[in-house]
Amino acid sequence: MMKKEKLEAKATQLADLIDYQDGSVVSRTLIDKEAGTVTLFAFDEGQGLSEHTAPYDAMVHVIEGDAKVTISGKTIIVKPGEVTVMPANQPHALSAVTRFKMLLTMIKS
């Protein structure tokens, strides 16, 4: 199991902060404030989050691997280094084309 090191005042590789688990989606919250959250995810191949809505805008930043993101019925493939925004109150879903890691930033209004 990966230890939960402190992140303040140091440079850290995002991909090193979370490990894949076979057949699972793993998450690690990096920032949790009233204004929003920043959460790191690792999806094993074939895993995903089923369609849902959220009351806040959310930005997905893929760190490694390829993700299939569907927003209001439109599907896109997001690759390492790419981002997409999932608008508030719009149905969206994510799934792993390959194992992938992403940073999810949710801003509350």
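1. In this predicted model, strands E5 and E6 are joined by 5 bridges and pair in the antiparallel sense. Across this pairing, Ala67 faces Val78 in E6. The two strands form a hairpin with 2 residues between them, and Ser72 in the turn has a positive phi of about 50°.

2. Strand E5 (residues 67–71) also pairs with strand E8 (residues 92–96); the two run antiparallel and are connected by 5 bridges. Here Ile71 stands opposite His92 in E8.

3. These pairings belong to an open sheet of 4 strands, with antiparallel pairing and the order E3-E8-E5-E6. Its edges are strand E3 (48–52) and strand E6 (74–78), each of which pairs on one side only. From one strand to the next, the twist averages 20°.

4. The whole structure contains 4 salt bridges. In one of them, the side chains of Asp22 and Arg99 meet at 3.1 Å, N to O. Asp22 lies in the segment before strand E1 (25–33) and Arg99 in the loop between E8 and strand E9 (100–107), so the contact ties together parts that are 77 residues apart in sequence. Asp22 is exposed, because its relative accessible area is 67%, a value over the 50% cut-off. Arg99 is partly exposed, with a relative accessible area of 33%.

5. Arg99 also forms a salt bridge with Asp44, at 2.8 Å from N to O. This pair links distant parts of the chain, 55 residues apart: Arg99 is in the loop between E8 and E9, while Asp44 is in the loop between strand E2 (36–43) and E3. Asp44 counts as buried because its relative accessibility is 11%, which is under the 20% cut-off.

6. A further salt bridge joins Glu64 to Lys101, with the closest N and O atoms 3.8 Å apart. Glu64 in strand E4 and Lys101 in strand E9 are 37 residues apart, and the pair thus links distant parts of the chain. Glu64 counts as partly exposed at 28% relative accessibility, whereas Lys101, at 6%, counts as buried. Among the salt bridges, those that share partners join Asp22, Asp44 and Arg99 into one network.

7. The surface carries a nonpolar patch formed by Met59, Val83 and Val85, which together have about 240 Å² of accessible area. Met59 is located in strand E4 (residues 57–64). With a relative accessibility of 34%, Met59 counts as partly exposed.

Conventions
Residues are numbered from 1 along each chain as its sequence is written. This is a predicted model: local features need pLDDT of at least 70, side-chain atom pairs count only at pLDDT 80 or more; totals for chains, interfaces and linings use all residues. Side-chain values use heavy atoms; hydrogens and water are left out. Two strands pair if DSSP finds at least two bridges between them. Axes are lines fitted to C-alpha atoms, for helices over the stretch in contact, and angles run from 0 to 180 degrees between N-to-C directions. Patches are made of residues with over 30% relative accessible area and no salt bridge: like charges are joined within 9 Å, nonpolar side chains (Val, Leu, Ile, Met, Phe, Trp, Tyr) within 5 Å. Accessible areas come from the Shrake-Rupley method with a 1.4 Å probe; for residues, only the protein chains shown count as cover. Buried means under 20% relative accessible area, exposed over 50%, partly exposed in between (1.4 Å probe, protein chains only).
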